[in-house]
Amino acid sequence: MNALAATNRNFRQAARILGLDSKLERSLLIPFREIKVECTIPKDDGMLVSYVGFRVQHDNARGPMKGGIRYHPEVDLDEVNALAQLMTWKTAVVDIPYGGAKGGIGCVPKELSLSELERLTRVFTQKIHDLIGINTDVPAPDMGTNAQTMAWILDEYSKFHGHSPAVVTGKPVDLGGSLGREAATGRGVVYAAEALLNQQGKQIKDLTFAIQGFGNVGSWVAKLIHEIGGKVVAVSDITGAVKNQNGLDIPALLGHKEATGKLNDFGGGDVMSTDELLTHDCDVLIPCALGGVLNRENADHVKAKFIVEAANHPTDPDADEILSKKGVLILPDIYANAGGVTVSYFEWVQNIQGFMWEEEKVNRELKKYMTKAFGNLKSMCQSHSCNLRMGAFTLGVNRVARATQLRGWEA
């Protein structure tokens with residue numbers, strides 16, 4: 001089942017649990033606006049190439065729409081739609097005043113030079129600048145994009161609208177980016193895991209962890225768990241996978257990855273196949289890479305007792321069912337990886353105020369938001385007798401539905 005179908009299914013189940021009016025349900029599902037633009041740029045050798053860019057703005061009942069821009073060959077309207085909708089529920093789960101959006105360009109960023117990426121970003125911004133804005137839609141980095149991409153968008157947007165640092169988040173700190181933003185998604189995942197484990201009477205320092213994906217999110221999750229005293233026993237990314245039942249030395253592994261660009265040949269662990277990581281013997285499995293990695297083929301072999309979804313949609317509905325029957329607790333993506341968008345909100349607030357925070361304050365506020373959201377999620381689970389995923393979806397959908405009704409959607 002693709003990401004859009006799975007997201008729609010979760011939404012419909014939540015709507016049924018909440019007893020939503022069918023007209024309101026349909027209204028909440030349809031995106032506010034879908035944008036598809038052609039972006040033609042000259043390559044460095046002078047040849048013209050065309051790419052397709054997307055921006056889906058899903059819902060703005062609770063505030064400006066918010067969501068990343070990804071550069072990836074598999075970007076298509078269905079995927080962008082699903083991710084935009086997820087952002088609507090995600091921002092509502094952690095109770096920040098945003099709606100959902102998502103965008104992307106179908107390209108292979110590794111095959112483009114820095115100047116080609118800059119030209120592509122600027123052309124994309126020219127095409128959508130009048131449809132994004134501080135109080136309309138605030139983009140952020142995602143897969144294949146970074147703080148530099150946001151700096152180009154800010155610069156191009158400002159040519160049309162004057163200096164507007166709050167139009168994007170995830171910017172370089174020198175251009176109004178927030179301290180703590182780079183680590184935010186990973187830190188939020190750790191705070192979310194802590195909230196779940198505490199509620200189960202467990203602590204990170206007593207458990208073993210396997211982490212799939214060692215990019216920005218995965219590496220921060222590993223680093224922070226290691227600092228708390230948790231044992232990271234296996235890590236994988238597209239370059240390979242390493243394991244060590246006594247716990248990997250994460251600072252040394254980060255140094256090795258930095259120096260060689262890959263996980264293989266790391267002296268402090270044994271090589272394993274990347275597929276094996278998801279079924280590796282551990283207490284907590286944290287998928288931090290692409291969606292759909294846990295499916296009906298491998299779900300039965302998962303040994304972890306807890307899964308914390310740092311990636312978007314890593315567990316498909318078949319796997320969800322199999323894992324639930326096995327008694328595995330899954331902390332859903334729309335809550336677990338909301339740290340990034342929460343600190344994006346803090347960045348937006350700082351830009352609007354023109355007053356920047358200390359990193360300690362950013363992390364303290366993030367912990368407060370993640371811990372409070374988990375309490376709200378658990379009370380939805382109790383009042384509707386549902387699992388954590390449905391607890392998160394009912395919490396998010398209910399907030400958006402209430403805001404929509406209060407604003408008078410039938411008029």
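**A walk through the sheet and the rings**

Let's start with the open sheet: seven strands in the order β9-β8-β7-β6-β10-β11-β12, with mixed pairing. Its edge strands, β9 (270-272) and β12 (329-331), each pair on one side only. From one strand to the next, the twist averages 20°. Strands here are DSSP runs of E with at least two residues, helices are runs of H or I with at least four, and both are numbered from the N terminus. Two strands count as paired if DSSP finds at least two bridges between them.

A quick note on what you're looking at: this is a predicted model, where local features need pLDDT of at least 70 and side-chain atom pairs count only at pLDDT 80 or more, while totals for chains, interfaces and linings use all residues. Residues are numbered from 1 along each chain as its sequence is written, and side-chain values use heavy atoms, leaving out hydrogens and water.

Now zoom in on β6 (residues 208-212) and β7 (residues 231-237), which run parallel and share five bridges. For F209, the bridge partner in β7 is V232. Helix α7 (residues 216-228) packs on the sheet, touching β6, β7 and β10 (284-287), and its direction makes about 165° with that of β6. Contact means heavy atoms within 4.5 Å; the angles, from 0 to 180 degrees, are taken between N-to-C directions of lines fitted to C-alpha atoms, for helices over the stretch in contact.

Next come the aromatic rings. The structure holds nine aromatic pairs. Rings of Phe, Tyr and Trp (its six-membered ring) pair if their centres lie within 6.5 Å; planes under 30 degrees apart are stacked, over 60 edge-to-face, and the rest tilted. F11 and W89 make a stacked pair, 5.2 Å centre to centre with 10° between the planes. This pair links distant parts of the chain, with F11 in helix α1 (residues 3-18) and W89 in helix α3 (residues 77-93), 78 residues apart. F11 is buried at 0% relative accessibility, and W89 is buried with a relative accessible area of 0%; buried means under 20%, exposed over 50%, and partly exposed in between (1.4 Å probe, protein chains only).

F346 and W357 form a tilted pair, 5.3 Å centre to centre and 40° between the planes. Ring pairs also link Y98, Y345, F346, W348, W357 and Y369 into a cluster. Finally, K361 lies over the face of W357, 4.4 Å from the ring centre; the rule asks for NZ of Lys or CZ of Arg within 6 Å of the ring centre and within 35 degrees of the ring normal.
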